[in-house]
Amino acid sequence: MNLQELAAASDFFILLAMVVYMMAFVAFAVDIAKAVRVRSDLRLEKKVRKRELATVGAPADPDPAIAARSVEPDLSENVSDDAAVPENGGGMTALSFALGAAGIATAFQLLGVVARGVATQRVPWGNMYEFSMTGAAVIMAVFLLLTLRVRDMRRLGLFVLTPVLFIMVIAYTSWYLPAAQLTPSLQNSPWLVIHVIVAVLSMSLFSLSAVVAVLQLLQHSRESRLEAGEKPRFALLDRILDHLPSAKRLEQIAFQTTAVGFVMWTFTLIFGAIWANYAWGRYWNWDPKETWTFIIWVVYAAYLHARATVGFRGKVAAYFCIAGFVCVIFNYTIVNTVINSLHSYSGL
């Protein structure tokens, strides 16, 4: 297979990955829909039982000992996937299919990235298109690995896959470039591999933490209304959030992923300075890309420090986490494509 055929194979694997991701997206949505329906049925059954008890003349104020033995579980609380969705006779559930399809799609996408690298005979992240496809694949790979260790992450598949598909569509339709060699300033530098790999990993973790932080805000708002006895503003959204972990658990996940991402971003900053000295003779040039990389580091450092020392919790922590990711997006899009700098390697 020649280099042109490998480049075509790369595009094919990327498109195939997008198709399979869409299948996983639908399956994740079906899983949430099933969980919502089951919870609704359980609540309805509970109301019917209470009504039947009242009809047969159950005492309004039963003996406390009897009430303690007959009390039913609160079905409005978050429960596990296994408890929420009945067994399917040993068959494949929508959630297991979604996770499997997401794994297959991630494998296809990684094949596409590798084929692109072989076709260009270099690392496959020399422009915005290649970096976006690599980053999207790493986000999904990290997410799937986390689902093996953190069971609650499985419920977030739909919300993680949504921005991944968005990134891939934008990259393929707006940032696509034919396979070609790197600009001279990027060639023959081992720091391209080291610096960019760490940057991709850290940005992937920041992406996951931002998704979780947004869900945390929605869940926090829902839980506050429930505590106040208020009705939900959007019934469907309320039922979907009922399928997700609590706001406190989501905050823990966001903090943990951000903490690991921050460590990697620190190395991104350090390795970038070393590469700058290698390429331009100075460790720091106050280039817009360097400046925004440092701003991102400061924002996340402040978030982690404030949460550990002065007790940033709840909504404030989520807002801080999202603010850091907004800086990441600005650095990746506007700085790379609009602002002239030494790091203008988007190829657009």
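1. The expected span of a helix is taken here as 1.5 Å times one less than its number of residues. Helix 10 (residues 288–309) has 22 residues and should therefore span 32 Å; its end C-alpha atoms are 31 Å apart, which agrees. Helices (H or I, at least four residues) and strands (E, at least two) are DSSP runs, numbered from the N terminus.

2. Some conventions apply throughout. The model is predicted: local features need pLDDT of at least 70, side-chain atom pairs count only at pLDDT 80 or more, and totals for chains, interfaces and linings use all residues. Residues are numbered from 1 along each chain as its sequence is written, and side-chain values use heavy atoms, with hydrogens and water left out.

3. Overall content. The chain has 12 helices and 0 strands, in the order α-α-α-α-α-α-α-α-α-α-α-α along the sequence. Of its 348 residues, 44% count as buried, where buried means under 20% relative accessible area, exposed over 50%, and partly exposed in between (1.4 Å probe, protein chains only). Contact means heavy atoms within 4.5 Å. Among contacts between residues at least 6 apart in sequence, 84% join residues at least 24 apart.

4. After helix 10 comes G311, with a positive phi near 80°.

5. Helix 7 against helix 8. The axes of helix 7 (residues 190–227) and helix 8 (residues 235–242) come within 10 Å and cross at roughly 105°. Axes are lines fitted to C-alpha atoms, for helices over the stretch in contact, and angles run from 0 to 180 degrees between N-to-C directions. Helix 7 and helix 8 are therefore roughly perpendicular; angles under 35 degrees count as roughly parallel, over 145 as roughly antiparallel, 65 to 115 as roughly perpendicular and the rest as oblique. On the helix 7 side the contact is made by L218, Q219 and R222, and on the helix 8 side by D238, L241 and D242. These residues divide into 2 nonpolar, 1 polar and 3 charged. The classes are Ala, Val, Leu, Ile, Met, Phe, Trp, Tyr, Cys and Pro as nonpolar, Asp, Glu, Lys and Arg as charged, and the others, Gly among them, as polar.

6. Two C-alpha pairs that involve helix 7. V198 is in helix 7 and counts as buried at 16% relative accessibility. The C-alpha atoms of V198 and T268, 70 residues apart along the chain, are separated by 5.8 Å. Leaving aside neighbours within four places in sequence, V198 is in contact with M264, F267, T268 and F271. S246 sits in the loop between helix 8 and helix 9 and counts as partly exposed, at 28% relative accessibility.

7. The start of helix 5. N127 lies in the loop between helix 4 (94–120) and helix 5 (128–149) and is buried, with a relative accessible area of 9%. N127 caps the N-terminal end of helix 5, with a side-chain oxygen 3.2 Å from the backbone nitrogen of Y129. The backbone nitrogen of E130 lies 3.0 Å from a polar atom of the N127 side chain. A polar contact is a pair of N or O atoms within 3.5 Å; within protein, one must be able to donate a hydrogen and the other to accept it, and residues adjacent in sequence count only if both atoms are side-chain atoms. Helix 5 itself has 22 residues and reaches 31 Å from its first C-alpha to its last, close to the 32 Å expected.

8. The end of helix 4. T120 is in helix 4 and counts as buried at 1% relative accessibility. The T120 side chain reaches the backbone oxygen of G117 at 3.3 Å. Not counting residues up to four places away in sequence, T120 touches A179, A180 and Q181.

9. Most residues other than glycine have a negative phi. Q121, in the loop between helix 4 and helix 5, has a positive phi near 55° and is exposed, with a relative accessible area of 60%. W286, in the loop between helix 9 and helix 10, has a positive phi of about 55° and is exposed at 59%.
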